[in-house]
Amino acid sequence: ADNVVVFAAASLKNALDAINGAWKADGHEPATISYAASSALAKQIEGGAPADVFISADLDWMKYLADKKLTKTDTEVQLLGNRIVLITGKDSSAATTIEPNFDLAKLVGDGKLAMADVKAVPAGKYGKAALEKLGVWSSVENKVAQAENVRAALKLVATGEAPLGIVYQTDAAADPEVKIIATFPQETHAPIIYPAAVLADSKNEDAAKFLDYLKSAKAKPLFEEQGFTVLVPAN
Amino acid sequence: MTVAVDISHRLGAFTLDARFESAGRLTALFGPSGSGKTSLVNLIGGLLKPDRGRIAAEGRVFVDTAQKLFVPAHKRRIGYVFQEPRLFPHMSVRANLLYGRWFTPSAERYEDLDRVVDLLGIRHLLERRPSHLSGGEKQRVAIGRALLTSPRLLLMDEPLASLDDARKAEIMPYLERLRDETKIPIVYVSHSVSEVARLASDVVVLSHGKIVAFGPTGAIMQRLDLLPKESQGEGGTVLDMRVAGHDDEFEMTILRSTAGEIRVPRVDTAPGSAVRVRIRARDVMIATELPRGLSALNVLAGKVASIDTSDGATVEVRIDCNGEMVLSRITRQSMNALGLAVGLPVFAVIKTVAFDQENLSRTGALHDI
Amino acid sequence: MTVAVDISHRLGAFTLDARFESAGRLTALFGPSGSGKTSLVNLIGGLLKPDRGRIAAEGRVFVDTAQKLFVPAHKRRIGYVFQEPRLFPHMSVRANLLYGRWFTPSAERYEDLDRVVDLLGIRHLLERRPSHLSGGEKQRVAIGRALLTSPRLLLMDEPLASLDDARKAEIMPYLERLRDETKIPIVYVSHSVSEVARLASDVVVLSHGKIVAFGPTGAIMQRLDLLPKESQGEGGTVLDMRVAGHDDEFEMTILRSTAGEIRVPRVDTAPGSAVRVRIRARDVMIATELPRGLSALNVLAGKVASIDTSDGATVEVRIDCNGEMVLSRITRQSMNALGLAVGLPVFAVIKTVAFDQENLSRTGALHDI
Amino acid sequence: MSWLQLSPEEWTAVRLSLKVATWAMIVSLPIGICVALLLARGKFWGKSLLNGIVHLPLILPPVVTGYLLLITFGRRGPIGAFLADNFGIVFSFRWTGAALACGVMGFPLMVRAIWLSIEAVDRKLEAAAGTLGANRAWVFFTVTLPLIMPGIIAGMILSFAKAMGEFGATITFVSNIPGETQTLPTAIYTFTQVPGGDIGALRLTLVSIVISMTALIASETFSRRLGKRLDLQ
Amino acid sequence: MSWLQLSPEEWTAVRLSLKVATWAMIVSLPIGICVALLLARGKFWGKSLLNGIVHLPLILPPVVTGYLLLITFGRRGPIGAFLADNFGIVFSFRWTGAALACGVMGFPLMVRAIWLSIEAVDRKLEAAAGTLGANRAWVFFTVTLPLIMPGIIAGMILSFAKAMGEFGATITFVSNIPGETQTLPTAIYTFTQVPGGDIGALRLTLVSIVISMTALIASETFSRRLGKRLDLQ
Ligand SMILES: Nc1ncnc2c1ncn2[C@@H]1O[C@H](COP(=O)(O)OP(=O)(O)OP(=O)(O)O)[C@@H](O)[C@H]1O
Ligand SMILES: Nc1ncnc2c1ncn2[C@@H]1O[C@H](COP(=O)(O)OP(=O)(O)OP(=O)(O)O)[C@@H](O)[C@H]1O
Ligand code: MOO
Ligand SMILES: [Mg+2]
Ligand SMILES: [Mg+2]
């Protein structure tokens, strides 16, 4: 069979590359994985991209495709979970606990709070929802620096441009230039979920197999190594 | 009809209005700076489209605004030597020279590289780029480039202006041959009376965009009033004579016409062939008795036909030598001393060395009819 | 010392080696196309840096490679009329003309726009762009632009080549005045023997990048061998004479030098002032008896000093007129007929109208020392 | 046509984009002219290096350029810190930073255009100006500069247009702060990232096109008129 | 220096980027020359429109350009479908699409460079060639084209460099498929999206710089040699 073509959110690269290696080692043709922003991938699928599997960084873009009947809805699975955290530079002494109405504005001071785009990028949307829930959004709204994506927000903190930032736990854990002040409680925002599905136009019988492989016990540690929470029970 | 022009054209505040039909083989355009010579040549060459009018050459109609006819330059089979060299900077001299050949059907090529290169003395420059040439060298290459298209009409805008006399002397006989043997009609712009007198069959005198005189060279050259005051000494008589024989001992040639016989430094042509002689008015003395013991060998007998005293110190005397007019420019004082008057029999005395090469030229039939 | 040059410089395969010190006020560079005239002027003007050597003008050292001295062009206070016009295309004629004035300290300005514009006849062009000018018009603007810098040294590379005789006749007296009154030294490139004879105090003859002759104009002009064969008729004697008086009736001026007295068309200068007279060798006849009944008014008595028969049909006879040499070019046949021999007393006979404007020029002291 | 109605925030982005593009263009112009002169005329060690550096923003993915700007011109970056401490010039999270990013991204385009024009200048005219007494600076301002106007105008319009479209480097360097660094392209980007944002993206894209076309046509007209005045054809 | 070692997949990206940039440059060259000629010399209705369209890729955020390409040249897009059905030319998610995206993004830069050179051509030389018998096509190929070589070379290098750096339009149009559409910039982007990817991004960035600098220096050398050969100064 042909290689499985996977369209995956860019933040999954490390984990998926590792899993793809394992998949190959198990005697399969390696998958061809295209990493880009979920939005771009979704629109490309809409435009006829020859992809077999889509893994989005949020539910919205998966729903976008599902509404257009471009996914095999029965294959859709909520694959991974993540957490958002409040970070600061590694030399900073800033500390706080995240609780309703905590004084984030004071902590940010004259600086900026780096986040991914709060309207467009999942990490930004989750962060904004959490801050709203905690009642501090309006006090920091005009101190937010929205980056193109969560990695760029992380960079802003790592380089000291911004004293604080809200990013995924997966990114923060791996960057020695930053440290995590606190993790946002799960209930402050919608669950952070990476859904995956086989696409309607896919004719490759390996597609479903690859998706199954992602849910397998072999994949689980490789995801967890990168800080993701695997949401599906190992089969 | 070699060249027939009847156009008007505006350029900014300047208006060119020209109408002439020249049957001559070399039509000179003569006139002061800014009088419209280059514009006229550009119109003939197809670089300008006239606002109104018609241009034809050698029976081919180039432009006729009434019929909305405009033959583009590249179909006119002309060779144009521009006032400035306009060489292609990205090509060697050789490539510049050969450029036009691509477009000349080989059956119509009458010129070849070797001949032109030797004529112009540019063999050592062939591999150079134009930017590495001197002013005169560029001009010579430009002449060569136009000649090597083997054109059916040659347009030359002051082609010799930046050349020294030695070069000019080499190129002019070539142009004569082109005119007489290859029978390529030539339109030639020049400020130099002596070039015009030597080469032209017909002269168009321009001033402020208008034609103030047009006619055969001989007639125009006698009208000293047409020449700028400063060139009047250069004007004079143009006689078309025949070789009567050669004097080998003194390396002289004897020329004859109805005006009489004159001796000039040897001209290498067979007896019987036609030679044009230019006699500057200022080179002609007048004697009332046959001079003796004098180094001037040429004496033509005649009668004073007219005296023009319009000018201050000098007068112009027209001497009728057996039907041919010879013009002389002498001082009023001499005129008085000699007691000249219309009808007086006199001798026109011309120094032989006045006929140096630039005043002698072999000619074929200068007009086509 | 007006101009002192001692340089060598290579350009591709061409090598220029020039060494001369001219004390003259107008040094002409004369030589065939490609002989290195423009290169030499570029070296003096600071557009080229010589490989080796020294150039000084009017006591200012411009280049001295030994001392690693190089004064950039803009500090040389020169006016340079290039061989091609090089006008600024983005400026009006007026702006072109006035360009150099910005850089001339007002105390040193001796030229003003009105005067130059009238001299050159370019008033109607002032608001135009250079691209809308004819060839000769461009050249005139270029001359004006150089003059209006009120330079302390004027370099002119064939400035009059594309101008008609009338224009030339207007500009030449102006250059004479500049040379004589304003005392601006001039380096002047020309192919025209008559321009050189009229204007130059000294002549540098170049050939293949070498100086083949250098000296005062009079001396060079007598050496017909230096001239290209075709210009030899133009060469001859240059006599510096004085005005002895005027003949108002016939509008003549009487000039005198030790050679004798000659009459020329009126020259407007006071008795006693210096006038340079150029006598073309071909305008001088030789008579063994005093001519009678002849329109040539000027007769100088002398003795044959030498006869040069190197050439075929013509010979050059040098006549010693009381210490001043007058050169004559006559046919060998005439020589034989007259029985000329060295020592024979003869008369040099010159037509008066041979002295038209181009052969007469007012002169100041032509040399500085 | 209510979907064409711009929100106040979008108006702010439009104004900001104009400001950023204009400043990027104006400030990079003199530098661009100098660098183009150096590249076209200079003979010095490291010319290839300079040439390479000028072209870097073209060669690098914009995000990388933005990141490089961040670590050099950012608050902690060597140049950024120096400028902030000594001149009070701060780029990070300011519109000035957006202008810097846009200027840098458009710089190679501007330099190339001017460079090409400089190479087309007839140096004989400059030499002529020298003989008339003009020193190098005068020659430059009175002869060279007017003659390279077509290249300068082309360079300016390229720089301006690029600034109107620049997104990657800007957002990476100064992020996307409404009213301060949110330019039209970043606003458009935001729209493209959300399902259903296409209309908004289209609206802002049209605005961007209208502005740039106006600038383009104005520059052409100016250029043509200048060309006529200069008789450069 | 083992971190400088490229993985096989990265080598593929390098090769692909070279291929894409080269094709983008080569294919857009003749079109660029024609369009530049039209803009510089043509007098026709809609010239401003053409000018505007040429500049669009500069003005629009690259993501928008990519998106526009996707909906016109994609499998379901009007032009894409037409080309695929009639000529078998497919852009979507092929390296050809990446080349198209890069070519389009570099097109305004190329056109401007050539345009500037065309305007600097002395039309009197073209007229002279006409009098020598050359028709318009010959004049173009023997006179105009050699004289605008500096602009053509500049245009080519700008197009090539832009293609080496183009990211936004490419990833949006043809995604980031290893071996097919994953060029150096998209590979770099992917590295920047994951923790620990910086080294990889740096490695590929260096590769990109080395390639582009080589191209740049080669073009300069060629241009200079040509200039000497042409005596254009
Ligand atoms: N850049 C150059 N490279 C090589 N040779 C050159 C260069 N410039 C001029 N030459 C050569 O140097 C010689 C002298 O040139 P120059 O321009 O000084 O001549 P010129 O005496 O002014 O001639 P003309 O009367 O034709 O203007 C010529 O043979 C010319 O071919
Ligand atoms: N493009 C133009 N726009 C306006 N006037 C022009 C243009 N070109 C030429 N002229 C004017 O037309 C007149 C004739 O120019 P032309 O070039 O034909 O003169 P010419 O007789 O060749 O002079 P020259 O002997 O100086 O070359 C001049 O007065 C010139 O100023
Ligand atoms: O090429 Mo970009 O992708 O300008 O921002
Ligand atoms: Mg003319
Ligand atoms: Mg010269």
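User: What pattern does chain D follow, read along the sequence?
Analyst: This is a predicted model. Chain D has 11 helices and 0 strands. Read along the sequence, its pattern is therefore a run of α elements: α-α-α-α-α-α-α-α-α-α-α.

User: What does the C-alpha trace of chain D span along its principal axes, and what is the mean pLDDT of chain D?
Analyst: Along the principal axes, the C-alpha trace of chain D spans about 65 × 45 × 30 Å. In chain D, 96% of the residues reach a pLDDT of 70 or more. The mean pLDDT of chain D is 88.

User: What box do the C-alpha atoms of chain B fill?
Analyst: The box is taken along the principal axes. For the C-alpha atoms of chain B, it is roughly 65 × 50 × 35 Å.

User: How many residues does the contact take from chain C and from chain B, and which residues of chain C lose the most area to chain B?
Analyst: The contact takes 66 residues from chain C and 66 residues from chain B. The two chains bury about 5200 Å² between them, with 53% of it on carbon and sulfur atoms. Three residues of chain C together give 13% of what that side buries. They are Phe250(C), Arg282(C) and Gln333(C).

User: Which residue forms a salt bridge with Arg332(C)?
Analyst: The rule finds 2 salt bridges across the interface of chain C and chain B. In the one with Arg332(C), the closest N and O atoms are 3.4 Å apart. That is within the 4 Å cut-off for a salt bridge. The partner is Glu251(B).

User: How many residue pairs are in polar contact across the interface of chain C and chain B, and which element gives the largest share of the side of chain C?
Analyst: The rule finds 13 residue pairs in polar contact there. Elements giving two or more residues to the side of chain C include α4, α5 and β19. By class, that side has 24 nonpolar, 21 polar and 21 charged residues. The largest share, 5 residues, comes from α8(C).

Terms used:
Residues are numbered from 1 along each chain as its sequence is written. Chains are lettered from A and ligands numbered from 1 in the order in which they are written. This is a predicted model: local features need pLDDT of at least 70, side-chain atom pairs count only at pLDDT 80 or more; totals for chains, interfaces and linings use all residues. Side-chain values use heavy atoms; hydrogens and water are left out. Contact means heavy atoms within 4.5 Å. Buried area is the accessible area (1.4 Å probe) that two parts lose on being put together, summed over both. A salt bridge is a side-chain nitrogen of Lys or Arg within 4 Å of a carboxyl oxygen of Asp or Glu. A polar contact is a pair of N or O atoms within 3.5 Å; within protein, one must be able to donate a hydrogen and the other to accept it, and residues adjacent in sequence count only if both atoms are side-chain atoms. Helices (H or I, at least four residues) and strands (E, at least two) are DSSP runs, numbered from the N terminus. Ala, Val, Leu, Ile, Met, Phe, Trp, Tyr, Cys and Pro count as nonpolar, Asp, Glu, Lys and Arg as charged, and the others, Gly among them, as polar. pLDDT is the predictor's confidence in each residue, from 0 to 100.
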